[in-house]
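The sequence and model are shown first.

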Amino acid sequence: MAKTVLPFGPQHPVLPEPLHLTLTIEDEIVKEAIPKLGYVHRGLEKLAEIRDHNQMIYIVERVCGICSCLHALCYCQGIESLMGLEVPSRAKYLRTIWSEMHRIHSHLLWLGLFADAFGFESLFMQFWRIRERVMDLQEETAGNRVILSVNQVGGVRRDISAESAQWILDTLKTVEKETLQLKSTILDDYTVKLRTVGKGVLTKEKAYELGAAGPTLRASGIAQDMRQTGYAAYSELDFAPVVETDGDCYARTTVRFNEIFQAIDLIRQAFSKLPEGELAVKPKGLPTGEVVSRVEQPRGECLYYIRGAGKKFLERVRIRTPTFANIPPLLDMLPGCDLADVPVLILTIDPCISCTER
Amino acid sequence: MSLISTSRVKSPWLIHFDCGSCNGCDIEVLACLTPVYDIERFGIINVGNPKHADILVVTGTVNHRNKKALKNIYDQMPEPKVVVAIGACGTSGGVFREAYNVVGGVDQVIPVDAYVSGCAPKPEAIIDGVVIALGKLAEKGKKVDQGIFERLEKTQEAIKAR
């Protein structure tokens, strides 16, 4: 059969965000996929010229609404190292707790959207029902459901009281129990396995060569997790990266599913070790020099390059997000798959287009 | 006529377009569909095809690339239609209004009937915005229905005169 060119997106029922792919298909088999980006590009990095380094926290939080807390954390860590600030240890632990809450809500969100991508709508509803509990935790502790605004240069802006901590631990117990109840549905179901096992295989070599990040990389058998670098309080907590070796959609689902329990465990450890003390130190001086700051987002490694020249305004902020790193592996997975599998494969890298295009 | 205008407001279908949002508003729009808020109990269904939809829910700022896509989706929707702009970015451009690739709020490109403020607005606020838009949908629907019946009468007169 002759080749057909099929536009996929920018407005598509399965995609919450505008991503455009030009698919060349032959007999419903994808031969080539060419991405067209730029539907969400706003030009945030340029805003550093008219917003000073404290106002930029609010801008970088809005790079991505799903992992807003981690963008602000990564940026604040960069500015703190430029100013030579030592963050109080209680602030470090609180940052860890909010980061892991973000990871739980992001992975539950992804599991729901992924179930919706292959038409399992009731599973989508179940995961999002559990996720609302985590959203309540965020609203209770930070005052907003999505954009938390807890990080500031030198520490955090809010505290978690002992009563809140007990309530958070109780709620997490419920979240853990309810997520475990869905384990047999998402990981052992015959129809779900038909759509995921053996689809979109990314070998270990390819994943390394194309520079994949986060769960996409760990599902291919490479144990790389930026939390091992020990930022915030991670150096004092006990954890190991969740790794799978198959590199297909099923392995990526397993990694994200297991990371929910890892995050719950990290929050418990952080609360058990939570020290007393100050929430923030007062920043002195202006950012001078250049720095690369890295954190592990739910989607993978996020990298900030910040250059300051001793002025209020930064010279350059460069943001490299995990989805940007995961697009080359996606383009490697797509050729040879069925047209019906394209939405599943796109969602399997957990795309965050607003991060990618900024 | 009354059946059409009643069912249009009692079971509106909704299309969501992410127009350069940071995802914060998008996940809140999606959260409206899930069991805690569950807008499907009011007959509201999230559809993927603009030709089936009555309400266009737009999140985020408009930029130079996606304004064509937004206009295209709006033009494909059948009359009567209403537009709800979600979040600070959708209403005015929000924190991004001075960025070089941002045109501004949604109303720079298409007419907007209801604005929902907040960054990100809570699902309750989004539902409230949609309900306000439903009132406008009923008004617009009356005009459209009248037009149809006037045209129908004229056709019948023309047939009789033949």
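## Interface between the chains

Between chain A and chain B there are 12 residue pairs in polar contact, both residues being at pLDDT 80 or more. A polar contact is a pair of N or O atoms within 3.5 Å; within protein, one must be able to donate a hydrogen and the other to accept it, and residues adjacent in sequence count only if both atoms are side-chain atoms. On the side of chain A that touches chain B, the elements giving two or more residues are helix H3 (89-117) and helix H4 (121-142) of chain A. H4(A) supplies the largest share of that side, nine residues. Helices (H or I, at least four residues) and strands (E, at least two) are DSSP runs, numbered from the N terminus. Sorted by class, the side of chain A that touches chain B comprises 23 nonpolar, eight polar and 12 charged residues. Here Ala, Val, Leu, Ile, Met, Phe, Trp, Tyr, Cys and Pro count as nonpolar, Asp, Glu, Lys and Arg as charged, and the others, Gly among them, as polar.

The model is predicted: local features need pLDDT of at least 70, side-chain atom pairs count only at pLDDT 80 or more, and totals for chains, interfaces and linings use all residues. Residues are numbered from 1 along each chain as its sequence is written, chains are lettered from A and ligands numbered from 1 in the order in which they are written, and side-chain values use heavy atoms, with hydrogens and water left out.

## Extent and salt bridges

In all, 43 residues of chain A are in contact (heavy atoms within 4.5 Å) with 40 residues of chain B. The two chains, A and B, bury about 3300 Å² between them, 62% of it on carbon and sulfur atoms; this is the accessible area (1.4 Å probe) lost on putting the two parts together, summed over both.

The rule finds three salt bridges across the interface of chain A and chain B, each a side-chain nitrogen of Lys or Arg within 4 Å of a carboxyl oxygen of Asp or Glu. B:Lys122 forms a salt bridge with A:Glu139, with 2.7 Å between the closest N and O atoms.

## Nonpolar cores

The largest nonpolar core has 149 residues, of which A:Tyr75, A:Trp98, A:Ile104, A:Phe127, A:Trp128 and A:Tyr304 touch the most other members. H3(A) gives the most to this core, with 15 residues. Such a core is a set of buried Ala, Val, Leu, Ile, Met, Phe, Trp, Tyr and Cys residues joined through side-chain atoms within 4.5 Å. Buried means under 20% relative accessible area, exposed over 50%, and partly exposed in between (1.4 Å probe, protein chains only).

Beyond its neighbours within four places in sequence, A:Tyr75 is in contact with residues including A:His53, A:Tyr304 and A:Val317. Another core, of 18 residues, lies apart from the largest one and has B:Val47, B:Ile73, B:Val106 and B:Ile110 among its members.

## Backbone and a buried cysteine

Most residues other than glycine have a negative phi, and most peptide bonds are trans. A cis peptide bond joins B:Cys119 and B:Ala120, with omega about -10°. A:Ser149, in the loop between H4 and strand S4 (151-152) of chain A, has a positive phi, near 55°, and is buried at 14% relative accessibility.

A:Cys352 lies in the loop between helix H12 (342-348) and helix H13 (353-357) of chain A and is buried, with a relative accessible area of 0%. Not counting residues up to four places away in sequence, A:Cys352 touches A:Glu17, A:Cys64, A:Arg299, A:Thr323 and B:Asn23.
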